[in-house]
Amino acid sequence: MSGPTNWARTRSLFPVTRELVYLNHAGVAPISTRAAEALARYAAEATRRGAFRYDAFYDSEIERVRGRAATLLGAKSEEIAFVKNTTEGLGFVAQGLDWRPGDRILGCDLEYPSNVYPWWALRERGVETTLLPGRDGRLPLEVVEAALADPSVRMLALSSVEFGSGARNDLAALGALCRERGVLFCVDGIQSLGVLPLDVGALGVDFLSADGHKWLCSVEGCGVFYCSAALQERLRPKVIGWRSVANNHDFDTYQTELQPSAVRYEEGTPNTGGIFALGAAIDLILELGVDAIAERVLGLTQRLVEGLQERGAHVVSPRGPEASGIVAFRWGEESIRRTVRRLADAKMCLAARRGSVRASPHFYNDEGEIDALLAALEA
Ligand SMILES: Cc1ncc(COP(=O)(O)O)c(C=O)c1O
């Protein structure tokens with residue numbers, strides 16, 4: 001798809017459009033025909049030849065997808081490990097760093113539980129987590145700045161976009177603050193990856209984790225974990241297995257030296273089928289271009305916000321630089337569960353989160369679907 005993107009054409013890659021108005025990419029996204037074909041390719045090989053061509057068929061695709069994921073994140077291949085979900089990658093950071101009693105982690109009380117419990121689990125090692133108070137659906141920069149004055153702070157753990165309000169955190173400014181104070185910066189990137197630009201190097205991100213089943217439109221259970229090359233010696237693998245070691249195809253000699261890359265965090269056989277789907281999903285995102293996707297989605301969310309406001313709905317999500325793919329709103333006095341149920345009856349997929357109805361369109365949705373949603377709300 002070269003030249004200006006023909007968004008209408010992308011709809012044919014998402015057969016879900018024939019049945020539903022799907023506006024829940026911040027929840028679990030449908031997969032594209034490209035991802036489905038990649039899964040079928042994997043299944044056909046596994047069915048016909050098993051592991052007969054393991055290196056040529058499976059290993060080569062795993063390493064290709066690692067490279068594509070690195071491109072998407074602005075990282076190097078060696079900085080990417082495959083994970084089973086976002087939480088696993090955040091857990092790698094929680095369990096792998098050299099914490100000392102009295103260390104403090106900063107988070108936010110608006111975060112999804114994935115980005116809270118791994119840090120809370122460190123309490124037994126004397127590490128405290130402070131959940132800074134969000135305001136208007138976001139974590140104000142000045143609150144972080146004030147909290148960073150505490151010399152016991154070792155890390156800031158935040159998501160790129162708040163899952164409830166849809167407010168985009170200013171990762172560049174936060175990353176710069178962390179860097180100035182020698183504080184690590186760990187990002188839950190799942191609400192950005194595939195829809196908003198995210199360049200870990202430029203943003204000063206040290207660790208990032210994101211599963212593939214939201215904005216990447218891949219399957220559940222296979223995502224990516226980024227650990228900057230500079231920190232791989234410091235972040236010990238939580239589990240060390242056959243795949244973590246330097247010469248990991250030598251099964252005859254036990255070794256202690258770790259892989260000189262983020263593969264050290266992949267302790268055993270990866271989710272190869274999931275990686276096939278993820279690869280096709282990332283290929284599609286890169287083919288369309290993340291900047292173009294962001295522009296397209298922000299255009300759709302802008303149309304939705306204007307339509308909601310014209311109809312007197314309460315829109316929670318911010319616009320401007322804090323806007324994301326998420327529009328959180330409330331429809332008058334109607335309970336959020338009832339609104340979502342009513343829309344489901346009209347074959348529209350949205351979610352109820354943190355006191356709001358959450359709409360999260362992607363690039364293949366169109367203006368007609370946004371208008372249909374507004375009409376269904378009014379019906
Ligand atoms: C911000 C955020 N992080 C993480 C997750 C999911 O985590 P995992 O991939 O571990 O299931 C979600 C899902 O809703 C989310 O919104």
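Domain bounds, as used in these legends, come from an automatic or database domain assignment. What you see is a predicted model, in which local features need pLDDT of at least 70, side-chain atom pairs count only at pLDDT 80 or more, and totals for chains, interfaces and linings use all residues. Residues are numbered from 1 along each chain as its sequence is written.

View 1. The domain assignment gives domain 1, made of 7-23 + 289-378, and domain 2, covering 40-286. Their C-alpha centres lie 28 Å apart. Domain 1 brings 19 residues to the contact and domain 2 brings 15; two residues are in contact if their C-beta atoms, placed from the backbone, lie within 7 Å. On the side of domain 1 that touches domain 2, helix H10 (290-310) and strand S10 (327-330) are the elements that give two or more residues. H10 gives the most, with 5 residues. Helices (H or I, at least four residues) and strands (E, at least two) are DSSP runs, numbered from the N terminus. This side of domain 1 divides into 10 nonpolar, 5 polar and 4 charged residues. Here Ala, Val, Leu, Ile, Met, Phe, Trp, Tyr, Cys and Pro count as nonpolar, Asp, Glu, Lys and Arg as charged, and the others, Gly among them, as polar.

View 2. Take a moment to find the residues around the ligand, including Asn 85, Thr 86, Thr 87, Tyr 112, Asp 188 and Asp 211. The shell holds 3 nonpolar, 6 polar and 2 charged residues.

**View 3. Helix H2 meets helix H9.** The axes of H2 (residues 33-49) and H9 (residues 272-288) come within 8 Å and cross at roughly 150°. Axes are lines fitted to C-alpha atoms, for helices over the stretch in contact, and angles run from 0 to 180 degrees between N-to-C directions. Among the residues that meet are Arg 34, Leu 39 and Tyr 42 in H2, and Phe 276, Ala 280 and Leu 284 in H9. The contact comprises 9 nonpolar, 3 polar and 3 charged residues.

View 4. Follow the 4 strands in the order S9-S10-S13-S12, with antiparallel pairing; two strands pair if DSSP finds at least two bridges between them. Strands S9 (314-315) and S12 (351-353) are the edges, each pairing on one side only. Val 315 stands opposite Phe 329 in S10. H10 lies across S9, S10 and strand S13 (356-359), running at about 15° to S10.

Note on methods: Near = placed C-beta within 6 Å.
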